[in-house]
Amino acid sequence: MPDQALGRPATPPEFAVSLLGHETQELLSTGAACLANGDAETAEALFRGAAIKRPWDPETRYQLASAQIALGKPEDALRTLAEARDQHARLILQAHAPDALKVDADPQQLLELANLFYSRNHMATAASLFQRLVDSNPDIPNLRLQLGLALQHQGRVEESIAAFESIERRWPHPQHHSFLHYALAFQRATPDAMYQEGLRYAAAHTAHLPKRKRPLIRPEGKLRIGYFAPLFNQHQLTKFFLPVMENHDKDRFSLVCYSGSPTTDATGKAIQARADIWRDVSQMDDEGFALQVAADEVDILVDLWGHTAGNRLPVFARKPAAINLSWLNYVETTGLTEFDYVLHADGYDLPGAQALYTETIRPIGPVLAPFRQFFDMPPAGDTPMLKNRFMTFGCFGHPAKLTLGVIETWAQILKAVPTARLVLRSGYFDDPALQRTIRAQFAAFGVAAERIEFPAFATGAAYLDTYRTVDLILDPFTYGGLTTTLDAVSAGIPVLTQEGRYMQDRIASVTLRACGLSELIAPTREAYVETAVALATDPARLNTLRAAVRQGFETSPYRDEAGFTRRLEAEFEAMAEAKAPVAVERTASPLTLPFLTEAEYAQRVGAPQEVLYEAERVEGGPPLLFPEPEPDFFDLLPLGYDFPAVTLTTLRDVVVRGKSNLLTPPDAILRHQFFNPASEIATEEFYGRLAFSADHGAGAWAPSDPSDVDDLSEAAVFTDGVAFNYAHWMTEVLPRIAAFVRGGAHAGVPLIIDSDLHANIERSVALVAGPDAVIYRLAPNKLVRVGVLHSVSPTGYIAFKNRPQPLETIGQGIFSPQALRQTIDQLRRGMGGRPADKTRPKLFLRRRSGARHIVNEAEIQEALVARGFVVLEPERLTLEEQVAVYSNAGMIVGATGAAITNLVFCQPDCPTVVMIPKFRQTAYWYWRAMAAAAGTGPILHVTGEQINPPADPFDPLALHANFAVELKDVLAAVDAADTIRS
């Protein structure tokens with residue numbers, strides 16, 4: 001009984017006075033003695049009494065948690081430790097920022113403090129502040145994200161998972177889900193947990209994305225390998241990756257690096273120097289990134305990152321290269337079937353492992369990659385125990401890997417070696433609350449606090465030097481270390497590991513085996529403890545082992561950088577060889593299908609044609625430009641154009657492909673009259689679905705599954721490779737639908753459109769074609785054979801991509817006025833007429849996309865708001881809302897992009913000020929031509945300099961580079977627009 005433990009008679013049961021009559025310190029000291037003697041039940045009662053007496057004191061709860069763990073009450077301990085850390089955080093805030101404890105504390109101050117403590121690795125205090133901010137601002141997802149990370153870095157895995165799950169549930173997003181996926185890696189609730197979560201990620205975020213079927217291209221006769229990572233600067237990743245880049249055979253392989261950040265150090269610059277092409281993709285959205293990969297003609301795209309912060313998995317889900325490969329930083333399954341392979345070292349997997357991966361596992365040899373330290377390593381020297389007279393164990397891993405099972409096992413080792421100490425070193429262990437938590441957990445298993453040490457964290461060469469103070473590194477089981485294990489053995493320090501059944505708990509054993517250190521691999525938990533104790537009690541043996549570690553590393557496959565790279569290149573060639581039979585060569589021969597216009601083919605076969613809109617002349621003066629351009633800047637631009645008649649052609653026995661406006665009757669491939677294959681690249685060719693020879697005027701489709709073809713007796717086709725883009729849809733695809741359904745002559749004929757279109761695009765079809773229209777949605781790359789096919793000729797056009805050669809003229813976009821205005825009328829009729837709003841607000845369009853972003857947008861927005869402009873984010877509006885707000889706008893100001901397309905709904909006196917990069921290949925006439933065709937207000941352009949544009953002006957990224965405009969030019973354009981309108 002507790003009173004008996006304090007040396008007093010037991011309190012009679014009829015009296016309530018008991019533990020609380022004792023001093024708190026007396027309760028704590030006696031409870032600690034009871035816990036040390038194995039009486040955890042009495043200790044719990046004593047510590048609970050102390051906690052009641054001192055509810056503000058975290059120490060009472062840390063000790064209470066120790067007793068609860070010892071009693072096998074992990075859930076009680078979890079709650080108690082959460083209370084202890086929160087109280088600990090309050091004491092820290094009381095000492096350093098007392099104002100933060102006020103009920104009415106400034107939220108901005110709390111956020112700044114939370115970020116400050118987070119940056120200093122005081123995660124418990126940061127988490128306490130983030131939790132307060134989440135409670136008062138529940139609708140800000142980034143606060144929950146920061147909370148989840150702060151919890152994870154304390155090893156509070158279950159709580160961090162809960163935080164990430166709440167974010168993904170309320171704000172589904174690929175990055176949010178990846179944080180959850182990574183956190184689950186520390187928990188391992190079931191063997192297939194990562195596989196199941198990967199499947200959930202794919203279903204939620206990538207299943208709907210368009211997939212490209214790219215052929216192997218081998219530009220210039222070499223396999224082109226693309227590598228992606230958020231950074232290539234000095235980082236644990238580049239210890240493995242730099243040696244590969246330096247040893248690649250550039251005569252056989254072309255190398256492209258896609259970096260999520262600029263190079264800032266010698267490591268990054270060395271990698272960049274070895275790349276044939278270097279792309280900073282930090283400002284590209286996922287679709288733009290995927291397009292760039294396709295444009296770069298990459299054969300094998302390698303993800304070096306996986307489900308960790310900064311990943312770009314949705315790019316890989318679009319399948320922009322013939323082969324997707326996962327390697328290096330995170331070789332768990334991604335859950336994406338679009339990844340063809342994942343590389344594993346021999347021994348990572350036991351039989352049956354493939355069932356836990358969507359990727360095909362390919363073994364790469366005895367090591368996952370070569371390994372090179374950034375700094376010269378001095379000799380390890382004798383084991384410190386010879387001098388210290390006590391054993392020093394160590395672990396330099398992440399706190400999330402220190403589960404209670406790991407701590408209990410290490411406690412067994414420490415209890416068997418009473419003079420030994422354990423050094424835990426990581427930046428996150430600088431947190432005083434985490435230190436106290438770890439010591440409380442060890443106390444539950446009978447290990448005194450002073451035996452667990454937390455030296456100050458070091459970086460660079462000083463960090464590696466700290467390994468030399470340790471006799472034996474203990475690898476945490478269930479999730480072993482790769483980089484930390486290699487850091488240790490490269491420094492000459494032995495590492496003890498337990499080999500498990502799954503990849504994540506076999507990493508260290510594979511590493512040690514490659515270094516000839518198999519005696520440090522324990523097959524069971526018991527053997528792990530026995531080996532640690534045996535080495536700790538035999539200094540001579542430990543010292544002999546230490547002398548062999550560095551040599552084992554230096555003679556291991558980790559140091560054979562060229563040999564590994566040759567194996568990697570052989571794997572690349574094998575992957576390409578496996579892919580080659582289904583690839584389409586760009587110079588496929590013979591190309592038996594002639595490439596004809598629809599009009600040419602219709603004349604050849606006598607297909608009926610009907611004129612829907614007559615030919616028209618479209619006139620328009622040049623847009624006003626701010627600032628004044630150089631005299632010859634626009635010398636290539638036309639002032640007007642003739643738009644031909646819009647016709648309806650009826651063909652027989654035609655195959656239609658998803659995301660393509662090219663049609664395939666039995667004996668030809670058909671294009672529309674505006675597409676010039678000699679100077680332009682079709683989307684189908686760009687994405688590798690079509691091989692084309694301009695010299696022969698013929699093409700061939702990539703092979704498809706003949707069993708995967710539907711049949712329709714009659715239909716009208718409106719598929720297009722750019723249908724997903726709002727601007728192209730509204731001016732090139734929807735007007736063709738409007739022209740076809742006008743008058744009702746073809747009621748009931750199915751309309752073939754692309755699947756997975758944006759909700760606003762789908763809504764436009766319903767408004768124009770009516771609620772009774774029959775819609776057939778065709779998935780990308782899928783085929784449908786149509787007996788009688790109706791095809792409407794173009795109602796608008798701008799070239800998708802020009803062939804890489806200087807242009808004599810610049811494509812600017814052309815549109816049929818009749819078709820465009822009829823579409824607008826049909827949309828409005830579907831909505832019940834033109835919305836009325838006499839206020840005529842002036843609108844500033846805030847652009848959310850990362851491409852063509854105005855870097856000084858905030859400055860411009862502030863100035864225009866001061867002038868009475870209303871800030872609008874069109875991407876957040878429904879189609880009806882966009883039509884309504886633009887129909888009554890008094891002026892539009894925004895960056896060039898899809899949202900400007902809505903100018904077609906504006907009134908004739910509404911001017912549009914378009915901020916646009918100053919770049920000769922930009923289609924400046926595009927918006928003017930659109931406005932002229934729609935009969936809406938004048939166009940004014942504000943040009944600005946591009947930020948870090950590609951050197952090649954014909955690079956696809958050149959059109960999408962970010963830019964800056966001068967505020968004075970914007971205001972001058974607005975003033976001019978006001979004058980025009982008045």
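In which sense do strand 8 and strand 11 pair, and over how many bridges? Hi everyone, let's find out together. One thing to keep in mind is that this is a predicted model.

So, the answer: strand 8, residues 392-395, and strand 11, residues 472-474, pair in the parallel sense, and two bridges link them. If you'd like a spot to look at, find Gly 394, which stands opposite Ile 473 in strand 11.

Now let's zoom out. These two strands belong to an open sheet of six strands, in the order 10-9-8-11-12-13, with parallel pairing. At the edges sit strand 10 (452-453) and strand 13 (521-522), each of which pairs on one side only.

Helices come next. Helix 21, residues 507-514, packs on the sheet and touches strand 12 (495-498) and strand 13, with its direction at about 130° to that of strand 12. Helix 22, residues 525-536, lies across strands 8, 11, 12 and 13, and runs at about 160° to strand 12.

Let's move to another part of the chain. Strand 2 (residues 253-259) and strand 3 (residues 277-280) pair in the parallel sense, here over four bridges. Tyr 258 has Arg 279 in strand 3 as its bridge partner.

My last stop is Thr 878, in the loop between strand 33 (870-872) and helix 31 (879-887). Thr 878 counts as partly exposed because its relative accessibility is 36%, and that class lies between 20% and 50%.

Notes. Residues numbered from 1 in each chain as written. Predicted model: local features only at pLDDT ≥ 70, side-chain atom pairs only at ≥ 80, totals over all residues. Heavy atoms only, no water. Pairing = 2+ DSSP bridges. Buried < 20%, exposed > 50% of the residue type's maximum accessible area, 1.4 Å probe, protein only. Contact = heavy atoms within 4.5 Å. Axes fitted to C-alpha atoms, helices over the stretch in contact; angles between N-to-C directions.
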